[in-house]
Amino acid sequence: MDLHLRILELGLDAKTWVDYIIQQTHQSMQNDGSAEMTDVASGLQRLSEKVEEMKKLLNEYMPQPTATGSRQYKNLALAQEDFRNDDGYPSQTLLGKYYAVGDEKTGYDIQFFTSDLYQRTLRDHPELQIVELIK
């Protein structure tokens, strides 16, 4: 239960900082003041800290790529085509990106990686080809 409460707390903190950034940006647009932009930058820094803290908290729950086994797509082109045609995959996210992961021998899967998970996968599985998917 502690984990759930901490996630809720971090989520509410992040929402508060998003609201603050929006408010300060709006005030800056009305006043043409650089003071509000400093506040926006500070709010963005705090939001980034909350997001990083939540990512660390949830790191063990992030799906890990499988190094071997059968994969969903026979080749990279099929994975890229399916990604582009599927409206369920967003073009951009705040926390990470979608990648085609695999090789020509075993095929490819579409996987979502945060930057940390991407770096760890590159390090731990150099045999895998990891290609960013873009719409």
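This is a predicted model: local features need pLDDT of at least 70, side-chain atom pairs count only at pLDDT 80 or more; totals for chains, interfaces and linings use all residues.
Start with helix α1. The helix covers residues 2–31. L12 has its place here. Is L12 buried, partly exposed or exposed? Its relative accessible area is 49%, so L12 is partly exposed. The cut-off for exposed is over 50%, and buried means under 20%. L12 also belongs to a group. Together with L5 and L8, L12 forms a nonpolar patch on the surface. The three residues share about 300 Å² of accessible area.

Now move to helix α2, which covers residues 34–58. L47 sits in this helix. With a relative accessibility of 15%, L47 counts as buried. Which residues does L47 touch, once its neighbours within four places in sequence are left aside? The contacts are A14, W17, V18 and I21.

Next come the charged side chains. The whole structure holds eight salt bridges. One of them joins R6 and E53, with N to O at 1.9 Å. R6 lies in helix α1 and E53 in helix α2, so this pair ties together parts that are 47 residues apart in sequence. R6 is partly exposed, at 27% relative accessibility. E53 is partly exposed too, at 32%. The pair is also part of a wider set. R6, E9 and E53 are linked in a network of salt bridges.

A further salt bridge joins K50 and D13. Their closest N and O atoms are 3.4 Å apart. Here, too, distant parts of the chain are linked: K50 is in helix α2, D13 is in helix α1, and 37 residues lie from one to the other. K50 counts as buried, at 12% relative accessibility. D13, at 25%, is partly exposed.

K55 counts as buried at 11% relative accessibility. E52 is partly exposed, with a relative accessible area of 31%.

Follow the chain on to S91. This residue is found in the loop between α3 (76–85) and β1. Is S91 buried or exposed? Its relative accessible area is 53%, so S91 is exposed. S91 and I22 are 69 residues apart along the chain. Their C-alpha atoms are separated by 23 Å.

Strand β1 spans residues 96–103. Why is β1 described as largely enclosed by the rest of the structure? Because six of its eight residues are buried. With strand β2 (residues 107–114), β1 pairs in the antiparallel sense over eight bridges. V101 stands opposite D109 in β2. β1 and β2 form a hairpin, with three residues between them.

β1 also pairs with strand β3 (residues 129–132). This pairing is antiparallel and runs over four bridges. In β3, V131 is the bridge partner of A100. As you look at the strands, keep one general point in mind. In a regular strand, side chains alternate between the two faces of the sheet.

Notes: Residues are numbered from 1 along each chain as its sequence is written. Side-chain values use heavy atoms; hydrogens and water are left out. Buried means under 20% relative accessible area, exposed over 50%, partly exposed in between (1.4 Å probe, protein chains only). Helices (H or I, at least four residues) and strands (E, at least two) are DSSP runs, numbered from the N terminus. Two strands pair if DSSP finds at least two bridges between them. Patches are made of residues with over 30% relative accessible area and no salt bridge: like charges are joined within 9 Å, nonpolar side chains (Val, Leu, Ile, Met, Phe, Trp, Tyr) within 5 Å. Accessible areas come from the Shrake-Rupley method with a 1.4 Å probe; for residues, only the protein chains shown count as cover. A salt bridge is a side-chain nitrogen of Lys or Arg within 4 Å of a carboxyl oxygen of Asp or Glu. Contact means heavy atoms within 4.5 Å.
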